[in-house]
Amino acid sequence: MTTNLQKLGLLAGVIIFALLPLGLKSYGVYLCTLFCVYLMATFGLNLTVGYAGQMSLGQAAFLGIGAYIAAIGMKAGLPFMVMMPLAAIACFAVGLALGFPALRVQHHYLAFATLGFNILVYLVMRNEEKVTGGTFGISGIPRPSLFGYSLEPSLPFFWFTLFFTLLVIGMLWWLLRSPWGRAFAALRDNPIRAESLGVNITAYTLLAFAIGAACAGVAGAFFAALVQFIEPAPFHFSWSLMMLLGVIVGGSGRFLGPVLGTVVIVLLPEWLRFMQNWYLAAFGFAVVVLMIWLPGGLLSIPEKFARKGAVK
Amino acid sequence: MGDLIQLLVSGTATGAIYALAALGFTLLWQASGTINFAQGEFVMLPAFGMLFCMGVGMPLWLAFLVTCAASMLILGLGFKRLIVDPLIKHGVIPLVIATLGLSIGLKQLVKAGYSAEAHPFPSPFPSGQWSIFGINVSYADLGTLVLAGLIVFGLQTFLNKTVTGRAMQACAQNTDAARVLGIDVKKMVLYVFLINAVLAVVAALLVTPTYLAKFDMGDAIGQKAFFAAIIGGFNQTRGALLGGVLIGVLENVVGFYLSPAYKEGVALVLFLLVILFRPEGLLGKTEERKV
């Protein structure tokens, strides 16, 4: 499926990205790390949206749950390497509990349920001041250390984050190549046929959703350690919306779609900061136009041209 | 006791506004299979439209009428022709995504192009309250109830008693059979989009005096509309009413007796309960799955 040339190109891309922060100022390194954090979340979301064919509008809530769990644990002195898996497990469990009622009924219900869930999580973060610090948030979150080696400076922390991002992406890649993962795509393309072949639709969709949530939990732990200060705003439902649209714009169900999507929703708004509101307005309308002209996302452009050429 | 009755009345009034937005939402779904995630922005835009008209010197009633016309043209006809028609043949999901994008686009357009502030909006009803047996009911709540009630009643009568209304229902129930019977399905669907646009303007007129006109005011209204529609039953017009009023009343009761901070969570909890125990909605009928 993938040629060796493409694999080489991918490898080169990763190496260039890994070395890129050497030439950047501290804000640039921060942005690259933030990019990695959102990559984990959007890759997880792509599993839910692109492969299991479900709409989730709650990825920011899972990111937030992961971030708050990691922050509270690390403030209490627990190591990052304990809190990060804990954040993932917690998000996985919450994902199961939320997905179970919503997935009993089909597609758009999960969108509504996750949307409402995100609002509720945001309310809890803002109102339960004793636990979450309310609107003041939690500050002074320590960076992790590895084998006694501190990851406090931004460059080592970037490589640490990049390593785990690649690990998460690698695990998802493996998952999608396994018989399990093929069942995901089968139930997206034709749920009824998949069911008749013995795939338990509800169980698989639920699992895909919960794994997607767990990825966001891991991303949240890194988010807390990166920014070292968390408050409810980045976990608002509008961020879930942006992540969903990012995945779709990049090309949902394409393994690398989230990379492009995350560039569009995280990096471009930073570069175009001086016109941020206009950028978002243009982004919104661009999504509408994209759905009409290019429902497969930006990564489907080459195929579209190839098909046109073939017809001629 | 007096407290409770006041809460019930004002909750029903708020719920009636949710119900108006939910009603449009349900009608669109029934007639054309459109799930409009920009429903909240369809209420926000007319609010600013009316403010603009009043800004150039029109009285509120004239501003309302002008905005209704503009809304029918843009949010009714324009929305259908430019966005729904090209997308509906690809199924529900692309249209959902497109309306999500539309929602962000419209919000940010107002924020960037006009204002990020909240703007006061005049109430169509006199201030003050009506006291009876020690219970105080504000004229605004009373007026909202009466107006929303009249519109819902009028719409029901139109749908059930007139030939056009019954033809519209026929399209919603079975498009193919309606076409065989000689009903102009396209026209009926267009009517539904126009009705939705007008309902949105009425909801804006009623809700903006309390919510204030702000670019993100549609978030809350849109969400309540979705939840109201699902709680009541997605395929029943009456369901939207029940859902809206239920959410409005419970929000008020929870906000007063339990915790004002978690008022916004009421709709979600209700929604989760409904899909756990009665996924077709309180008044809904089960839809058979089509292969």
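Reader: How many residues does the contact take from chain B and from chain A?

Author: In this predicted model, chain B gives 36 residues to the contact and chain A gives 34 residues. On the chain B side, α4(B) gives the most, with 15 residues.

Reader: Why is α5(B) called roughly antiparallel to α8(B)?

Author: Good one! The axes of α5(B) and α8(B) cross at roughly 170°. Angles over 145 degrees count as roughly antiparallel, so α5(B) is roughly antiparallel to α8(B). Their axes come within 11 Å.

Reader: Which residues make that contact?

Author: From α5(B) come B:A140, B:T144, B:L147, B:A148 and B:I151, and from α8(B) come B:V202, B:L206 and B:P209. Seven of these are nonpolar, one is polar and none is charged.

Reader: How do you know that the span of helix α5 of chain B agrees with its number of residues?

Author: Let's check. Helix α5 of chain B has 23 residues, and at 1.5 Å a residue they should span 33 Å. The end C-alpha atoms are 32 Å apart, so the two values agree.

Reader: What makes a residue of α5(B) buried, and which ones are?

Author: A buried residue has 20 or more other C-beta atoms within 10 Å of its own. In α5(B), the buried residues include B:A140, B:L145 and B:V152.

Notes: Residues numbered from 1 in each chain as written. Chains lettered and ligands numbered in written order. Predicted model: local features only at pLDDT ≥ 70, side-chain atom pairs only at ≥ 80, totals over all residues. Contact = placed C-beta atoms within 7 Å. Helix = DSSP H or I, 4+ residues; strand = E, 2+ residues; numbered from the N terminus. Expected span 1.5 Å × (residues − 1). Buried ≥ 20, exposed ≤ 12 C-beta atoms within 10 Å, placed from the backbone. Axes fitted to C-alpha atoms, helices over the stretch in contact; angles between N-to-C directions. Parallel < 35°, antiparallel > 145°, perpendicular 65-115°, else oblique. Nonpolar A, V, L, I, M, F, W, Y, C, P; charged D, E, K, R; others polar.
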